[in-house]
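Here is a short report on one protein chain. It covers helices, backbone angles, salt bridges and surface patches.

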Amino acid sequence: MIEFAREELKLEEALELMNKHVARWFSSRFSDLTPPQRLALKPIKEGRSTLISSPTGTGKTLSAFLMVISALFDLAEQGELEDEIYCLYVSPLRALSNDIYRNLSEPLSEIRRLAGDGVPEVRHLVRTGDTPSSVRQRMLRKPPHILITTPESLAIMLSTPKFRERLRSIRWVIVDEIHSLCENKRGVHLTLSLERLADLKGENPVRIGLSATIHPLEEVAKFLVGYDDSGEPRDCIIVDTSFVKKKDLLVTCPVEDLVHTPAQVVTDRMYRMLAALIKKHRTTLVFTNTRSGTERVVFHLKKLLAEEQSVIREDEIGAHHSSLSREVRLDVEERLKNGELKAVVSSTSLELGIDIGYIDLVAQLGSPKSVTRCLQRVGRSGHRLHDTVKGRLICADRDDLVECTVMVREAYANRLDRARIPRNCLDVLAQHIVGMAVVRKWSVEEAYRLVRRSYCYRNLPREKFEEVLRFLSGGYQTLEKFKVYGKIWYDPEEGVFGRRGKYARVIYTLNVGTIPDQVAVKVYTESKRYIGKLEEEFLERLMPGDRFVLGGKVYEFISARGLKAKVKPAYDMKPTVPSWFSEMLPLSFDLANQVREFRAKVMEKIARGEGEEPIVRWIASCGADEKAARAVYRYIRLQYMFQKAMGAKAPEYPDILVENYVDEQGRRHLIFHTLFGRKANDALSRAYAYLLGRQIRRNIGVAVSDNGFSLIIPAEVEFSWSFIRELTSENIRSILRRAVEKTELMARRFRHVAARSLMILRNYKGHEISVSRQQISARKLLEVCREIDGFPVVEETFREILEDYMDVESAEQVLRKIDSGEWRYIIMPESSVPSPFAHNIVLIGLSDVILMEDKRAMLERLHAKVMEALRKAGAEVAA
């Protein structure tokens, strides 16, 4: 049963539950319990699995460890503390593991001092991929009582004969930063490791999950504790103190007029605004949404501060993102912790709970794209319990302004986006089956039962499980000539499987994990001239004929092999794919729906004639300053006026506007204002583009944003709107499979899935296999495997693309509403002017817009066209 904790302990009651030395230590350090401690200590003491959701700085880590440490000192005093692992702490980050090691060292040594020399030491150690083998050997001889590790290292330990035996004694498992694990395959992987650990022990250890802000907590609790064999979730107590800290959030805008103010002025004002905030606060953490954005902000900030001859020195501004070396990141973290930096600019790498000391302001440039991410980021400020969380969202784009205004309103109301947890990932399953087989012989029934105890596999069909066994046992003869051999033996008649060959354990250990190798792809012309590099993630989006900018010039994509891409110059043509697209964070489906409703509400107020000032005040009450609120009002009012002037019936919420815009080159842009977030729009746009392309027998250009998408038809090509009716909630999955099966996206994702499934090895007998060789193998294998009906690795590639990379489930939800007639598409008449809401979508379709100046000039031109159209319509109306 999943239930919320209601009983709050008083300090005296909590101290009575603790070991006397731990209680003395706690009283000497703290005057009271924090909110999560009041609710969590008793259930953990009682041996109940517990999920603790609480902001940074509220003592949630100590909430998890306190009763564990207390129990260990009880055993130590009674002379019953064995050389055994009692507590396992799992963290997604090695840096966080080292933090926890340091943070435990002090209390453990202080409590030992209070207890006296007669009480044995409670030991704790870290074991990750960086741990030297000599330390691992010592750990085997004399294990720590608290073992700190990562999900990947746990999976390896479970399949290592000697160390595996050391795990049988574990009583508590603490999973930290569970919010960062549950939405990806690392989390899926961990759930199976936890079930394997429970199976090894013969009983379920107490599971304690620690999470920052996340929703829905009931689902995350089930993810943590799993299911019993009757299909019921195991018991879990949820400690929800997510919103105990006060919030001070505000959306702000550097200028009043984002359309006519020159780009340089907007950028300059934004940096001056940021510099003023940094000067006013002790330490500021600045979040951008891209790694390149991080470097750009640091460069401009340092330049501005030098020009102003500011008291802030250049070396007091740091950058922190995943492309920087580990040494550079650690140096920034240490200097931040020691109060030596005034500001650190980061993309996503400082979202997780690494100890970075005191931050009193978080500044977010642009939209963080989800309420949950917004709260996680601003939650890095105000590290102490009674501090106020302080965040400033600075927006230089009209769509970002609307988005952030709604986001802050939702954050104040404590309404979060739903976490999306992947399910039935066959590649992760395949990896674990090999890990299980190297240990012992299994009956299929027993292994299937174990797998279905994981939240992520509770609905896994038996036939899918058996298909994975068949694949792993070399059941497909055609694959042997491609050096894909069985890793297990499997007897379907007897219903048993086990390890095949002496290298199976080595292969598993060297290839464990879910994070794919990502590398840069070299770009060459047809004449083999080297041009530069592209991120592999960007290459995934390219189709033959797509044009992009590299080194300031436009090239057309022809093909890719391994890690080489072939292109041809297209200098006189506009690019069709923006180079920054792969780095962008997608807007969540839940927040997108709220933004859609908000825009409709403002339009309603305008239609009712409520007047500018009352509406601006209402927008400002959501959490925007006056400048930002006025910009939001004027943007939505302009759209309202445009729709009215164009003779289009303003779609009433929840109907969806579709524009038919013909640009100066005669190309037709069918612009769907599907404000559902980029992942759902990616699914809808690819499916519609496939159907429209089939109708007109041409390639369709596609531009996708969070706020909608456009299908771009070449000039003078006739089309019919009937393709819209062809797509339904019933057929979108099959159409998307056809749309992506021959794409670069499919080829790259197949490599990732094949590597996780141990079909393609990243490391063989200690030799690393280059990503280029992996990719070439993957292409050959994909050609063969797609001919095998229901082949698990191909099926998982499709599932990952449709459900994780895109959001086909939300797209189906939208289509169900359209199928039922509850929502309708409202098609506008053909126009040579796109509406204001369409401008950012048009920009994606028309140009790469690398330079902000280009984007601003283009927006200004489109805005001028809108104003001209309004003047003309006004004149006609007057006449």
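Which residues of α17 are buried? They are L426, D427, V428, L429, A430, Q431, H432, I433, V434, G435, M436 and A437.

## Basis

This is a predicted model, in which local features need pLDDT of at least 70, side-chain atom pairs count only at pLDDT 80 or more, and totals for chains, interfaces and linings use all residues. Residues are numbered from 1 along each chain as its sequence is written, and side-chain values use heavy atoms, with hydrogens and water left out.

## Covered helices

Helix α17 is mostly covered, with 12 of its 12 residues buried. Buried means under 20% relative accessible area, exposed means over 50%, and partly exposed lies in between (1.4 Å probe, protein chains only). Helices (H or I, at least four residues) and strands (E, at least two) are DSSP runs, numbered from the N terminus. Helix α17 covers residues 426-437. Its 12 residues should span 16 Å at 1.5 Å a residue, and its end C-alpha atoms are 16 Å apart, which agrees. The expected span is 1.5 Å times one less than the number of residues.

Helix α7 (residues 151-158) is also mostly covered: 7 of its 8 residues are buried. Among them are P151, E152 and S153. W25 sits in helix α2 (residues 20-29). It counts as buried because its relative accessibility is 5%. W25 and L108 lie 83 residues apart in sequence, but their C-alpha atoms are 9.7 Å apart in space.

## Backbone angles

The peptide bond from H215 to P216 is cis, with omega near -5°. P216 is placed in the loop between β7 (206-211) and α11 (217-225).

N424 is not a glycine, yet its phi is positive, near 55°. It is found in the loop between α16 (398-412) and α17. At 22% relative accessibility, N424 is partly exposed. K483 also is not a glycine and has a positive phi of about 60°. Its loop runs between α19 (462-472) and β16 (488-491). K483 is exposed, at 67% relative accessible area.

## Salt bridges

Side chains of opposite charge can pair when their charged atoms come close. A salt bridge here is a side-chain nitrogen of Lys or Arg within 4 Å of a carboxyl oxygen of Asp or Glu. The count comes to 65 salt bridges. D268 and R272 form one of them (3.0 Å, N to O). They are 4 residues apart in helix α12 (residues 263-280), which means a separation of about one helical turn.

R630 and E612 meet at 2.7 Å, N to O, in another salt bridge. R630 lies in helix α24 (residues 626-645) and E612 in helix α23 (residues 612-620), so the pair ties together parts 18 residues apart in sequence. R630 is buried at 13% relative accessibility, whereas E612 is partly exposed at 26%.

R694 bridges to E726, with the closest N and O atoms 3.3 Å apart. This pair links distant parts of the chain: R694 in helix α25 (residues 678-696) and E726 in helix α26 (residues 723-726), 32 residues apart. Salt bridges with shared partners also join a network that includes K185, D427 and R733.

## Surface patch

Y503, V506, L510 and Y764 form a nonpolar surface patch with about 320 Å² of accessible area together. Patch residues have over 30% relative accessible area and no salt bridge; like charges are joined within 9 Å, nonpolar side chains (Val, Leu, Ile, Met, Phe, Trp, Tyr) within 5 Å. Accessible areas come from the Shrake-Rupley method with a 1.4 Å probe, and for residues only the protein chains shown count as cover. Y503 is in the loop between β17 (496-499) and α20 (504-511). It is partly exposed, at 36% relative accessibility.
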